[in-house]
Every structure is written in C-alpha cells, then in structure tokens.
Amino acid sequence: MTGTDEPILQVRDLTIEFAAEQGRLPVLHGLDYALPKGRVLGVVGESGSGKTVHALSLLRLLPPTAHICRGEICYKGKNLALLKEKELRKIRGHKISMIFQDPSASLNPVLTIGEQLTETLLAHRKLSKEAARSKAARLLEKVGISEPEKRLKEYPFQFSGGMCQRVMIAMALALEPDILIADEPTTALDVTVQAQILQLIKQLQQESGMSAIFITHNLAVVAGVADEVLVLYAGRCMEQAPAARLFADPQHPYTQGLLHSLAPVEKKVDRLPVIAGHPPVPGEPEGGCPFAPRCPFAFEKCRQACPPLFELGGGRRVRCWLQEGKK
Ligand SMILES: Nc1ncnc2c1ncn2[C@@H]1O[C@H](COP(=O)(O)OP(=O)(O)OP(=O)(O)O)[C@@H](O)[C@H]1O
Ligand SMILES: [Mg+2]
C-alpha cells in the first residue's frame with residue numbers, strides 16, 4: 001500500500017526538559033515533523049540525542065521529572081500533549097502502539113505468551129476467550145512464529161531474543177494501530193535477526209497501511225525501510241529529508257559523519273572511522289551549534305549562534321550555517 005501526503009501525526013515545536021538537582025535540563029528543542037499516513041519515518045541519532053524521550057512523549061509515558069514545556073502532538077486533530085488521561089488511554093496501545101528497546105523487560109515472565117496476547121485483546125475488544133485465543137494464534141503466525149497454537153502455551157524464557165521481538169510486534173499490532181513506534185527494536189539482536197525483524201515490520205506496515213516511526217542509532221538500519229529520515233543531535237533536528245535524498249547526498253556534516261562511519265556492505269573492514277568527540281550533555285552552557293566542537297567545517301559563526309533549520313526545497317531541512325543563502 002502506498003502512502004498519502006495527509007499527515008496522521010503532526011509534531012510542532014516539541015520541547016522537553018527534565019527537572020534535576022542542578023536545574024532544568026533541556027533534552028528536546030523544538031522538534032517539528034509530519035508523519036503522513038502509510039509512511040515510515042526514521043529517527044536517527046547517537047545515544048542520548050533524545051530519541052526515546054521523544055517517543056515516550058508522543059504517548060505521554062515520560063517519567064514524572066520530565067515536562068513538555070512547549071509544543072503540540074496532533075493525532076487526527078487532537079493535541080495529545082493536552083488530552084485528558086482517560087482520553088489518551090483510548091489511543092495509547094490502541095491507535096498508537098510502541099515496541100520498546102528491551103523486549104525481555106516488556107514481556108511478563110510469569111505469564112504465557114498466549115495469556116499476554118489474549119489479555120490485550122480481551123481488554124480492548126469485545127471477543128470471547130476462544131476468539132481472542134484464535135486471533136492470538138493468527139497474530140503469532142503473521143509475525144513468523146511456527147506452530148502458534150503450541151507456542152501460545154509457552155513462557156517468554158522459552159523464546160529466543162528474536163522470537164521475543166516477534167511477540168512484541170504481534171502485541172503491538174494486536175489492536176491494528178494507525179501508528180507503530182519501534183524504539184531500537186533490534187539492538188539486542190544479531191545483525192541477521194535485526195534485518196529480518198525490520199523487514200517483517202516493514203512488510204506488516206505495508207500490508208496494513210499503517211504509519212511507523214523507526215528509532216535507531218544506526219543509519220544503515222533505516223536505509224531500506226524509511227521513507228523519510230530525521231537526524232537528531234543533542235535534542236535538535238539537524239537534517240530531515242526524504243530517505244533517498246539523505247543517503248545519496250547528505251548535507252549536514254553530522255549526517256555525513258554518520259554515513260561515513262557505516263561499514264560498507266561489500267567490504268570487510270577492521271576499524272571504522274567514527275566522529276571524534278562526543279555530544280554535549282544536557283544543561284551544559286549553550287552558545288553556538290551543538291555540533292560545532294566536533295565539526296570539521298566549523299567556522300566562527302558556528303561557535304556564536306545555533307543555526308536555524310534552513311529549508312532547501314524538496315522536503316529537505318538542514319540546521320547548518322553552511323547552508324545559509326543556498327537553495
Ligand atoms: N529520567 C531521566 N532523568 C534525567 N535525564 C534523562 C532521563 N532520561 C533521559 N534523560 C536524558 O535525556 C537525554 C535523551 O535521552 P534518550 O533516552 O532520549 O536518548 P536516546 O537517543 O534514546 O539514547 P539511546 O540511543 O542510548 O537509547 C539524555 O541526555 C539523557 O541523559
Ligand atoms: Mg533510546
């Protein structure tokens with residue numbers, strides 16, 4: 001199924017801070033994007049760039065010390081940031097589902113896979129126990145688990161890491177959501193299984209026509225699956241573009257660095273170049289561009305002021321002073 005340009009989710013100026021002993025720590029600065037129906041957005045960035053905080057905020061699952069200070073999260077015309085908790089519960093896990101970073105922490109070890117899947121279905125759908133169980137079996141089959149009837153009676157410890165991820169996907173899809181958020185669904189898995197899981201999510205996404213947000217620290221992971229990519233650095237969008245354009249011709253020095261540090265598929269290399277230095281810590285005094293201290297092209301202006309997002313046409317936006325005046 002192909003997507004449309006109609007956004008199902010529109011995030012505007014999303015700004016989040018944590019309250020800490022040393023004061024307020026800003027972790028997300030004015031994030032803006034639109035997720036069209038049926039499309040996949042990849043959100044990429046190093047550890048600590050704000051990927052998970054962003055994802056949790058969409059469903060208002062942030063820890064109590066975090067605070068959305070500005071911005072809107074519009075889903076079908078409703079601002080989720082302001083919605084009453086009761087209303088939000090009708091959307092969370094229902095219309096918008098999330099697969100978390102660690103599947104073993106999300107599955108209950110003392111309940112069978114079948115109990116966990118049918119519990120979700122029974123809680124939200126008017127189904128008999130038998131109907132819920134047979135739907136659970138169909139879901140397991142859909143995510144590539146053979147002998148589903150037998151596997152429903154088993155416990156999470158009887159499943160491998162990749163199988164647990166598949167169960168998590170089945171759970172997230174149980175209520176046929178409009179949007180699936182997958183936060184690093186593959187970090188704990190080996191590369192072959194990672195690729196299989198992502199392909200599976202992509203295939204299910206295409207079959208159902210839902211939209212998806214894939215969150216990862218590895219650009220290679222979203223290369224074959226995302227329609228659009230948003231590159232986060234220290235809580236800011238540094239570059240956003242249709243995936244094909246971003247991979248063919250990255251404009252931000254940070255995106256270029258991320259791409260250079262990927263292993264060429266055809267070559268075996270012992271060491272990969274990495275971007276020297278590390279990202280700023282939230283709460284550090286800010287002056288210029290947060291990437292300036294690591295940027296090989298930084299000049300005076302970069303150290304003085306943070307650049308805005310320059311619109312380059314063709315759906316590309318880049319936060320870099322090198323783009324000033326370019327179109
Ligand atoms: N509970 C918390 N209290 C204070 N700061 C937090 C808390 N959770 C996250 N942060 C900070 O918010 C920033 C963004 O964290 P986040 O978990 O979103 O990063 P991430 O991009 O998901 O990283 P990773 O790739 O490691 O999962 C980090 O600087 C982190 O230290
Ligand atoms: Mg994370």
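**Entry 1: getting oriented.** Helices here are DSSP runs of H or I with at least four residues, strands are runs of E with at least two, and both are numbered from the N terminus. I also noted that this is a predicted model.

**Entry 2: the second largest pocket.** With those labels in hand, I asked which elements each supply at least two residues of the lining of the second largest pocket. They are β2 (23-36) and α12 (300-304). β2 has the largest share, at 3 residues. I wrote down a volume of about 430 Å³ for this pocket. Its lining has 28 residues, and Ala234, Pro280, Val281, Glu284 and Pro290 lie nearest the centre. By class I found 15 nonpolar, 9 polar and 4 charged residues in that lining.

**Entry 3: the largest pocket.** Next I looked up the largest pocket, whose volume is about 510 Å³. It is lined by 20 residues, with Gly93, Met98, Phe100, Thr120 and Met171 nearest its centre. Two or more lining residues come from each of β6 (96-99), α4 (113-124) and α7 (161-173). Which element gives the most? I found that α4 does, with 4 residues. The lining splits into 10 nonpolar, 7 polar and 3 charged residues.

**Entry 4: helix α1.** Is α1 (residues 51-58) mostly covered or mostly open? I found 7 of its 8 residues buried. The buried ones include Lys51 and His54, along with Val53 and Leu56. After α1 comes Arg60, and I noted its positive phi, near 50 degrees.

**Entry 5: aromatic rings.** I counted 5 aromatic pairs. In one of them, Tyr155 and Phe157 are stacked, 6.4 Å centre to centre with 15 degrees between the planes. Tyr155 is partly exposed, because its relative accessible area of 31% falls between the 20% and 50% cut-offs. Phe157 has 68%, which is over 50%, so Phe157 counts as exposed.

Then I turned to Tyr233 and Phe291, whose ring centres are 5.2 Å apart. Their planes meet at 85 degrees, so I logged this pair as edge-to-face. Tyr233 sits in strand β9 (residues 228-233), while Phe291 is in the loop between α11 (253-260) and α12, so the pair links parts of the chain 58 residues apart. Both Tyr233 and Phe291 are buried. Together with Tyr254 they form one aromatic cluster.

**Entry 6: charges over rings.** Last, I looked for charged side chains over ring faces. Arg151 lies over the face of Phe159, 4.5 Å from the ring centre. Lys301 lies over the face of Trp321, at 4.1 Å from the ring centre.

Technical notes. Residues numbered from 1 in each chain as written. Chains lettered and ligands numbered in written order. Predicted model: local features only at pLDDT ≥ 70, side-chain atom pairs only at ≥ 80, totals over all residues. Heavy atoms only, no water. 1 Å grid on protein atoms, 1.4 Å probe; cavity = no way out; pocket = protein on both sides within 12 Å on 5 of 7 lines; lining within 4 Å. Points joined across faces, edges and corners; volume = space filled by probe spheres on them. Nonpolar A, V, L, I, M, F, W, Y, C, P; charged D, E, K, R; others polar. Buried < 20%, exposed > 50% of the residue type's maximum accessible area, 1.4 Å probe, protein only. Phe/Tyr/Trp six-rings, centres within 6.5 Å; stacked < 30°, edge-to-face > 60°. Lys NZ or Arg CZ within 6 Å of the ring centre and 35° of its normal.
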